[in-house]
Amino acid sequence: VAAATLARGLCGGPGLEGRIRRVAIVGGTHGNEYTGVYLVRRLEALRGELLGAKYDSLEILTVIANEAAVAANRRFIEEDLNRQFTAEKLAGGAATAEAARARELDALLGPKSSPRFDLVIDLHTTTANMGTTIIADAWDPFAARAAAFLVGRRPERRVLYNAIDSRDGSPYLASIGKRAVQIECGPVPQGVLRHDVVAATELAVLDILDFCLAENEAPIDLPPTVEAFTTAGSHEKLAWPVDDAGFPTALVHEDLQGRDYLPLRPGDPVFLNLDGSVVAYDGPDIVYPIFINEGGYYYASSGRGIGLARKIDLPVPPA
């Protein structure tokens with residue numbers, strides 16, 4: 001396990017359970033998403049230069065989640081690690097490499113039933129044109145507040161709100177923590193480092209840490225709502241057709257490519273079949289595609305296809 005403590009000490013006095021003391025920053029949950037791996041190693045190597053004394057009140061642990069997949073430059077070895085963290089799966093005893101690694105991570109950061117860490121920040125990249133996206137689950141009000149804070153600092157950031165009401169039911173690694181934020185940045189190819197994507201992700205991490213420090217002192221005055229795109233988790237998708245071997249038999253249509261977070265209307269082209277025929281969106285109303293042509297979503301175990309979201313004004317919960 002690649003893990004290093006970057007700053008030690010507990011913030012606040014004893015018994016202040018609402019405060020954030022321990023933060024885990026995780027990269028390499030998907031082994032070919034190199035930005036998170038790079039940032040974890042950068043934080044380990046340059047903790048003084050990057051963090052200084054500013055974050056001494058936080059105990060920060062860095063973790064490479066899937067070392068084997070990183071070494072292989074693959075999203076995963078047998079199945080998607082970031083779908084293994086429901087309470088049911090953690091208790092299930094499956095024998096795949098990722099199921100076993102999930103149990104190790106649960107022991108390190110959790111257990112999920114009684115987390116050791118107040119916040120887990122999981123770093124991801126995407127081949128899709130998602131910019132910097134802050135992902136919050138419905139079970140965690142802190143994540144929605146953090147997202148509003150981050151958008152306030154940089155309005156070009158997006159908020160993706162997963163309608164997952166139960167922490168036990170969340171499949172994501174970050175849900176091991178008492179609080180959970182995922183950062184998704186792109187576009188960047190798999191297995192590639194881009195300076196702008198690394199810089200944007202690092203800035204988002206530092207902004208989250210700033211938010212932790214501020215909220216530990218007193219609740220921040222945030223706007224009543226923040227624009228967000230809401231999904232039903234990782235399964236509300238428009239799947240492209242595949243053959244018996246799972247290889248796509250259609251392309252993402254050129255008119256849709258790169259248009260993440262922009263409206264898709266009934267009748268708009270979505271896929272281009274092998275024979276040149278066009279598949280149009282046949283839903284009843286406007287949706288907002290996300291993760292368009294995401295390389296990781298060519299795998300069935302990750303949830304194949306294009307995500308569909310709806311734009312909402314997300315109420316920002318009180319602290």
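Helix 1 covers residues 34-45, 12 residues in total, and spans 16 Å from first to last C-alpha, close to the 16 Å expected at 1.5 Å a residue. That expected span is 1.5 Å times one less than the number of residues. Helices here are DSSP runs of H or I with at least four residues, strands are E runs of at least two, and both are numbered from the N terminus. The buried residues of helix 1 are T35, G36, V37, L39, V40 and L43, where buried means under 20% relative accessible area with a 1.4 Å probe, protein chains only. As a reminder, an α-helix has 3.6 residues a turn, so residues three or four places apart point the same way.

A word on the ground rules. This is a predicted model, in which local features need pLDDT of at least 70 and side-chain atom pairs pLDDT 80 or more, while totals for chains, interfaces and linings use all residues. Numbering runs from 1 along each chain as its sequence is written, and side-chain values use heavy atoms, leaving out hydrogens and water.

Now the pockets. On a 1 Å grid over the protein atoms alone, a pocket is an open set of points where a 1.4 Å probe fits, with protein on both sides within 12 Å along at least five of seven lines; lining residues have an atom within 4 Å of a point. The volume is the space filled by probe spheres set on the points, which are joined across faces, edges and corners.

| Pocket | Volume |
|---|---|
| Largest | about 280 Å³ |

Of the 15 residues lining the largest pocket, G18, F142, R179, E215 and A319 are the closest to its centre. Helix 6 (141-153) and helix 7 (195-217) are the elements giving two or more residues to this lining, and helix 6 has the largest share, three residues. By class, the lining of the largest pocket has seven nonpolar, two polar and six charged residues. Nonpolar means Ala, Val, Leu, Ile, Met, Phe, Trp, Tyr, Cys and Pro; charged means Asp, Glu, Lys and Arg; the others, Gly among them, are polar.

The second largest pocket is lined by 13 residues, with P248, A250, L251, V252 and Y298 closest to its centre. Its lining has nine nonpolar, four polar and no charged residues, and strands 10 and 11 each supply at least two of the lining residues.

Those strands belong to an open, antiparallel sheet of three, ordered 10-11-12. Strand 10 (250-252) and strand 12 (278-280) are the edges, each pairing on one side only; pairing takes at least two DSSP bridges. Strand 11 (residues 269-273) pairs with strand 12 over three bridges, and P269 stands opposite A280.

Note on methods:
Buried means under 20% relative accessible area, exposed over 50%, partly exposed in between (1.4 Å probe, protein chains only).
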